[in-house]
Amino acid sequence: LARQLAEQRSLPAPESNGEPVPTPIRLETTVNLFPEVKRSIECGAEAVGLYRSEFLELARRSFLTEEEQYEVYRKMIGELNGRPMTIRTLDLRSEKLYGIADLTRECWEWRLVDQLPHVQDVVRTQLRAILRAGKGGPVRILFPMITTQRQLNRALILLDEARESLREEGVAFAEEVPVGIMIEVAAAALMAEAWIPRIDFLSIGSNDLLHSLLGIDRSDDGLVDLKTPLEPGYLRLVWRVIGHAHAAGKPVTICGEAASDLDGILALYSLGADALSLPPGHVQQVRTMFASLQLPSEPRQVGQRLVEANDIADVKAILSEEFRSM
Ligand code: PEP
Ligand code: MG
């Protein structure tokens, strides 16, 4: 089924009265650079679910000043015309900093934020820029790769400090900004229950979560067949995270490649994911898929069946039984 649907990519997106047909799961976009914001609107996405802000530093090969970041975020938020913009703070990791020679001499690892004052300074500056830009429209702050509670504590302290400094300086900023964390490693998935009361939403980074859970390096293409978001162990962990988030009334977005995998999307929908964040160029295909399927009346029951499956073949069989072409 997924293969057939993948071939429908070039078909026009289903419309009703000129509007894109609603999907049973919110479709948001993942954006790396400015032009994709415009494409997000053109494809009818409801929000930017993930802006990977480090791409701009990588493109410029240096950190941006607060003013430069503020200008970029302000323009993006303005372009979105009322749709929310989720800005992920710099996902500083050695493998992402290649090419920025003057940065690589020092340790710029985000996960050591609690120990590295220069990382704290960079993140606090970015948070100030985001809060200021939030005066122009809805913005959400997303912290990447939270793995330990001390990282979460520090991230929230930096946010308080950013707010406090703006207040003291009399600079206008958005007071009500939802704050989320990315769940990208198993330790975070297992701790989510304890952390959820302190934040407003969760975003599952399926690229990192899937790889770390299966013990596969992200750059290892030799094991590509194992990297599937239908793997029962992965589905069980996602189900657990969504269950804890929903019990606390908080939404869960799925980012990363699993959010573009057509069978994976049906599984995520069944597991109760609230939104998918995918590249703008994939949105139409997902709309077409949902419009061409008969959806199960009780998706959560399908989710329950999926997490009881032990083998990927059973997962696939359940999906093709429960989601039939119209
Ligand atoms: C992910 O890990 O799924 C994710 C969206 O983050 P990135 O791909 O930027 O590491
Ligand atoms: Mg990631």
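**Reading a barrel, its core and its ligand shell**

Visitor: Which residue is the bridge partner of Arg-52 in S5?

Guide: In strand S5, Arg-52 has Arg-88 as its bridge partner. Before we go on, this is a predicted model, where local features need pLDDT of at least 70 and side-chain atom pairs count only at pLDDT 80 or more, while totals for chains, interfaces and linings use all residues. Residues are numbered from 1 along each chain as its sequence is written, and chains are lettered from A and ligands numbered from 1 in the order in which they are written.

Visitor: How are strands and their pairing read?

Guide: Helices (H or I, at least four residues) and strands (E, at least two) are DSSP runs, numbered from the N terminus. Two strands pair if DSSP finds at least two bridges between them. Here, S4 (residues 48-52) and S5 (residues 85-88) pair in the parallel sense, over three bridges. Helix H4 (residues 66-80) packs on the sheet, where it touches S4, S5 and strand S6 (139-143). The direction of H4 makes about 155 degrees with that of S5; such angles run from 0 to 180 degrees between N-to-C directions, with axes fitted to C-alpha atoms, for helices over the stretch in contact.

Visitor: In what order do the eight strands close into a barrel?

Guide: The order is S3-S4-S5-S6-S7-S8-S9-S10, with parallel pairing. Neighbouring strands of this sheet are turned by 25 degrees against each other on average, direction ignored.

Visitor: Is S4 mostly covered or mostly open?

Guide: A residue is buried if 20 or more other C-beta atoms, placed from the backbone, lie within 10 Å of its own, exposed if 12 or fewer, and partly exposed in between. S4 is mostly covered, with four of its five residues buried. Helix H12 (residues 283-291) is mostly covered too, with eight of its nine residues buried; among them are Val-283, Arg-287 and Phe-290.

Visitor: Where does Asp-225 lie, and why is it exposed?

Guide: Asp-225 sits in the loop between H9 and H10. It counts as exposed because 6 other C-beta atoms lie within 10 Å. Glu-106, in the loop between H5 (101-104) and H6 (117-133), is exposed because it has 10 C-beta neighbours inside 10 Å.

Visitor: How many residues has the largest nonpolar core?

Guide: In soluble globular proteins, nonpolar side chains tend to be buried together. A nonpolar core is a set of buried Ala, Val, Leu, Ile, Met, Phe, Trp, Tyr and Cys residues joined through C-beta atoms within 7 Å. The largest here has 91 residues, and those with the most contacts inside it are Ile-183, Val-241, Ala-273 and Leu-276. Leaving aside neighbours within four places in sequence, Val-241 is in contact (C-beta atoms, placed from the backbone, within 7 Å) with residues including Ile-183, Leu-202 and Val-252.

Visitor: Which residues surround ligand 1?

Guide: The shell (C-beta atom, placed from the backbone, within 6 Å) includes Leu-50, Arg-52, Glu-184, Ser-206, Asp-208 and Cys-255. The elements giving two or more residues are S4 and H9, and the largest share, three residues, comes from H9. In helix H9 (residues 206-214), the buried residues include Ser-206 and Asp-208. Just after H9, Gly-215 takes a positive phi of about 70 degrees.

Conventions
Two residues are in contact if their C-beta atoms, placed from the backbone, lie within 7 Å.
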